[in-house]
Amino acid sequence: MVRRRRLVAAGAGAAALVLGERLLGGGWGGAAQALARAVPTAGEPPSFPRTAVERVPAAGGPVVPGRAFDHVAVAPADGAGEGRMRFLGPDGPGPWHEVRPGGHGSDAGEEGGALLRAPSGATGYEVELEGQEAVETTAIDTRTGRRRRMSGEADGLVETGGVQGALPLPYVTRAGWGADEDLRRGSDGTERWAPEFHPVQVVTVHHAAMPVARDPRETVRAIYWLHTVENGWGDVGYHLLIDPDGTVYEGRATGGPLPVFQGAPLPGSARCVTGAHAVGHNSGNIGVCLLGDFTSAMPTRQARDALVRAVRTLCALSGVDPAARVDYTNPVTGTSRKVHAVAMHRDWGGTACPGDDFAARFWEVRERLASPVG
């Protein structure tokens with residue numbers, strides 16, 4: 001039976017409470033107790049295809065993978081470089097698309113590769129990167145692998161009780177979009193990148209810079225593979241992802257029942273798990289990614305509404321003023337920068353993310369966040 005995970009933040013400035021399967025007892029500073037009970041929904045636990053890949057070097061000519069693929073990861077040999085890529089199909093080659101590394105990476109400064117979605121019917125592709133004679137590519141198949149049944153709740157709900165400015169936030173859990181948790185672990189079972197937590201200072205908004213699959217969960221799984229395996233970041237670099245219908249997906253694992261946060265997010269002292277979404281500026285920085293490419297188009301109204309709702313709630317639970325400018329300091333490296341508390345990825349430098357069209361109207365997001373909940 002699919003279960004819905006329910007998370008509650010009770011009282012102004014109070015802690016998040018977790019509803020799961022059993023009575024947990026206890027509390028945070030005596031503020032409240034956490035009751036745990038199942039909230040079932042109809043249906044069987046979901047199952048998803050295991051992601052399968054084929055790594056193929058692209059050396060100045062067409063690449064025709066030996067298996068089905070729906071996304072392609074591109075990794076320049078020296079970890080840098082921009083260029084272009086086009087897909088091949090029954091009617092010949094399609095249009096060229098930009099390949100951009102995108103400024104994602106760890107606080108150590110390690111940037112990752114790019115990801116492109118293959119159109120339906122694609123049989124191969126060509127890649128050209130500046131200064132690169134041989135480029136490593138990975139053809140990713142999120143659709144046709146052997147199916148595996150997931151365990152755990154498929155849906156979650158952050159209920160925010162009396163926390164001023166926060167709104168209930170439904171989301172799809174990692175089990176609900178098909179995260180293969182084995183990818184995060186080495187052969188000995190230990191996590192490749194154990195969760196690290198730091199006080200929340202800012203929220204940063206991204207776009208995925210590519211079209212979304214008909215089933216957005218396929219694109220989420222492709223991003224998961226790129227970030228976790230190809231880039232070696234141990235998990236999804238983002239904390240939350242949002243599709244064009246406004247559905248919110250849980251991103252980087254926290255090791256606990258709450259997404260994003262370590263335990264109860266008390267405003268002013270909330271701690272978020274460190275991701276890999278803004279190279280050199282990740283610790284204390286929550287990353288939210290809108291699925292799609294907003295270079296020359298705007299996100300849907302549903303996606304923008306979901307973004308405002310999610311960011312409003314994240315800010316309220318962590319005590320961040322969404323209308324402020326802050327002096328962000330990375331607690332690990334000491335790097336500092338003055339940015340909006342709700343930043344765009346481009347505010348950190350080195351990228352056009354979240355797309356030129358969206359960036360030109362991002363003031364609308366900040367304006368809505370600064371307005372009272374209506």
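This note walks through selected features of the structure, point by point.

1. Ground rules. The model is predicted: local features need pLDDT of at least 70, side-chain atom pairs count only at pLDDT 80 or more, and totals for chains, interfaces and linings use all residues. Residues are numbered from 1 along each chain as its sequence is written, and side-chain values use heavy atoms, with hydrogens and water left out.

2. The open sheet. Four strands form it, in the order β4-β11-β5-β9, with antiparallel pairing. Strands here are DSSP runs of E, at least two residues long; helices are runs of H or I, at least four residues long; both are numbered from the N terminus. Two strands pair if DSSP finds at least two bridges between them. The edge strands are β4 (52–58) and β9, each pairing on one side only. From one strand to the next, the twist averages 25°. That angle is taken between N-to-C directions of axes fitted to C-alpha atoms, on a scale from 0 to 180 degrees.

3. Inside that sheet. Strand β5 (residues 71–75) pairs with β9 in the antiparallel sense, over four bridges. Val72 has Leu116 of β9 as its bridge partner.

4. Strands β21 (residues 325–329) and β22 (residues 336–340) pair in the antiparallel sense over five bridges. Arg325 stands opposite His340 in β22. Six residues lie between the strands of this hairpin, and Gly334 takes a positive phi near 85°.

5. The largest pocket. Its space is about 700 Å³. A pocket is an open set of points on a 1 Å grid over the protein atoms alone, with protein on both sides within 12 Å along at least five of seven lines; a lining residue has an atom within 4 Å of a point. Volume is the space filled by probe spheres set on the points, which are joined across faces, edges and corners. The lining has 32 residues, and Arg100, Leu115, Ala208, Ala209 and Met210 lie nearest the centre. The elements giving two or more residues to this lining are β8 (97–99), β9 (114–117) and α2 (216–230). Strand β9 gives the largest share, four residues.

6. Cavities. A cavity is a set of grid points where a 1.4 Å probe fits but cannot get out. The count comes to three cavities of 30 Å³ or more.

7. Glu250. This residue is found in strand β18 (residues 248–250). Glu250 counts as buried because its relative accessibility is 5%. Buried means under 20% relative accessible area, exposed over 50%, and partly exposed in between, using a 1.4 Å probe and protein chains only. A polar atom of the Glu250 side chain lies 3.2 Å from the backbone nitrogen of Arg174.

8. Val373. Look for Val373 in the segment after α5 (362–370). Val373 is partly exposed, at 38% relative accessible area. Val373 and Ala166 are 207 residues apart in sequence, yet 8.1 Å apart in space, C-alpha to C-alpha.

Note on methods. A polar contact is a pair of N or O atoms within 3.5 Å; within protein, one must be able to donate a hydrogen and the other to accept it, and residues adjacent in sequence count only if both atoms are side-chain atoms.
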